[in-house]
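Q: Could you take a close look at the aromatic rings here? I'd like to know which ones pair up and how they sit.

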Amino acid sequence: MSDKLLSITGLSAGYGPLRVLHEIDFSVAAGERLAIVGLNGHGKTTLFRAIMHLVGWQRGSVVFDGIEIGGTRSLGEGRRTPGIVRLGVAMTPQGDAIFPGLTVKQHLDCGAYTKASWRDRALRRDHIYHIFPQLKALEQAYVGKLSGGERRMVSVGRALMADARLYLIDEPSLGLAPKISQRVVDALIDIGLDGKAMVIAEQNVALLSGKVDRMIGMHAGHLRGDVGHVDLA
Amino acid sequence: MDAGLIVYALYLAAIYGLMAIGISLLWSSVGMVNMAHGATFAIAGYAAYFAAIWGQPLARDLLGTTGWDIPALAVFIGLVALLAGALFGIVIYLVAFLPIHDKENFAVRSLIITLALNLATVQMLLWAFGPQQKALPRVFGTGRFTALGMSIRIDQVVTIVATTLLLGSVLAWLRRSRKGLEIRAVMQNAEGAALCGISTRKTALPIMMLTGALAGLAAVLLSQNVFVSPTAGVTPLIKGLTIALLGGLGSVPGAVAGAVLIGFIEAATGAIPFLGQRYVLFVQFTFIVCVLLIRPRGLGGLLDETRE
């Protein structure tokens, strides 16, 4: 268990009477980059949101780096989310939960929630601009006025601002042109995972084929098959 | 319209603006309509009254010879009222926000709880201090001075300057500081803010204290003209709420514009001979209804993006 950064056992979650996840078990090791693939509406996003305590109700164990962040609850949606973020889980939400009235710069600063990362936030911003060069010119632009691809880059950049140890990237290609989604995915693949881990939820298997360490299918709220390294090419 | 009338209008705008901006900020960041804002106003008024009783002889003894006793007393009363407003903000936070903020229908529930808190506080003040009206000493200057050939009341000018300074620094703090950034992040997207590690509970407390302090300042400033009483908060609450609505609930520039408009309407209605002071509320509400008929989102939509 000790080399597991995240281990989930018997996780069920849903919204009101609707049960989306059915007794999910899976784990992520440190240094691993894995993809969860599956069609729309089969629970990939709900899985991420359950880890972040953003679903309506959930039960089951979620252990992150030896600390239990799961449990049973049916209320208090989002109450523990900031605490989980501060433990080192960074999630980019689906459809970019983003602040339209903040500039790119302010938006990135929002991601620097720890004291240390807030102190050297300028340095960290430069690092993000190194990954996504086109954001540098848009530093003072309002995020609400950016294109979908640029917004996705801001969203991913925001997650990279602090020292998270687990990145949950929800649908990096959603709603983007193929060329741009390829660029976003390439940037995600290029990020060094030194003792960290990244989970990418994605519908488009081809986009990730041969690039991640492990692929897990998701169907109707169950994880189906741990297919390991997949190379469609 | 002479200069005195314009200054009077701006004076009213300053006080209404303090109330309306407090209500608007709280709605846009926390998502609750604070009906206890009037109670905060009354509580701060009483705090200022007792501060004045306690502080007046003290100031006279210490600074009476230098001539600075009245300004020092004014600052002292103002600070006490700000503090009392902020403390009552904490009470509202503990009673009406913390227990229910992540439950369903928070907006309606908090509205009901703050309304109950408002009524309970007014009754408590009645029980404790009785219905007598109490007058604050005139600490913001008396008399008039002449500028451009027109006489202007000093206390009104002091009010306008004090309000502008305070609101300016609050808005600058919202724009510049890290806490301000967090508050604006929560305003725009609470879930996104949670995913940035920003806790709604931790940002709501300073904003509640801040809006409470604004109401406290409004109480001291208005109490130069009207009396401190348990029900003193009702009219400012109603005007603050309607101005916040007029400005587009949640929009700070809209609330400022609404307060200035309503202030001018009140001053002008009072000055027009055949209307007079009696018709002030009538004219104001007619105006607000007309604006909301044409622009249901209020003025704010013209000026910036409001919530939703």
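A: Let's start with B:Tyr49, which is buried at a relative accessible area of 16% (buried is under 20%, exposed over 50%, partly exposed in between, using a 1.4 Å probe and protein chains only). B:Phe50 comes out as partly exposed, at 37% relative accessibility. Their ring centres are 5.2 Å apart with the planes at 70°, so B:Tyr49 and B:Phe50 make an edge-to-face pair. For the rule: rings of Phe, Tyr and Trp (its six-membered ring) pair if their centres lie within 6.5 Å, and planes under 30 degrees apart are stacked, over 60 edge-to-face and the rest tilted. B:Tyr49 and B:Phe50 also belong to one aromatic cluster with B:Tyr46 and B:Phe129.

A word on the ground rules: this is a predicted model, where local features need pLDDT of at least 70 and side-chain atom pairs count only at pLDDT 80 or more, while totals for chains, interfaces and linings use all residues. Residues are numbered from 1 along each chain as its sequence is written, chains are lettered from A and ligands numbered from 1 in the order written, and side-chain values use heavy atoms, with hydrogens and water left out.

Over all chains, the count is 8 aromatic pairs. One of them is B:Tyr8 with B:Tyr11, a stacked pair at 6.2 Å centre to centre and 25° between the planes. B:Tyr11 is buried at 1% relative accessible area, whereas B:Tyr8 is partly exposed at 22%.
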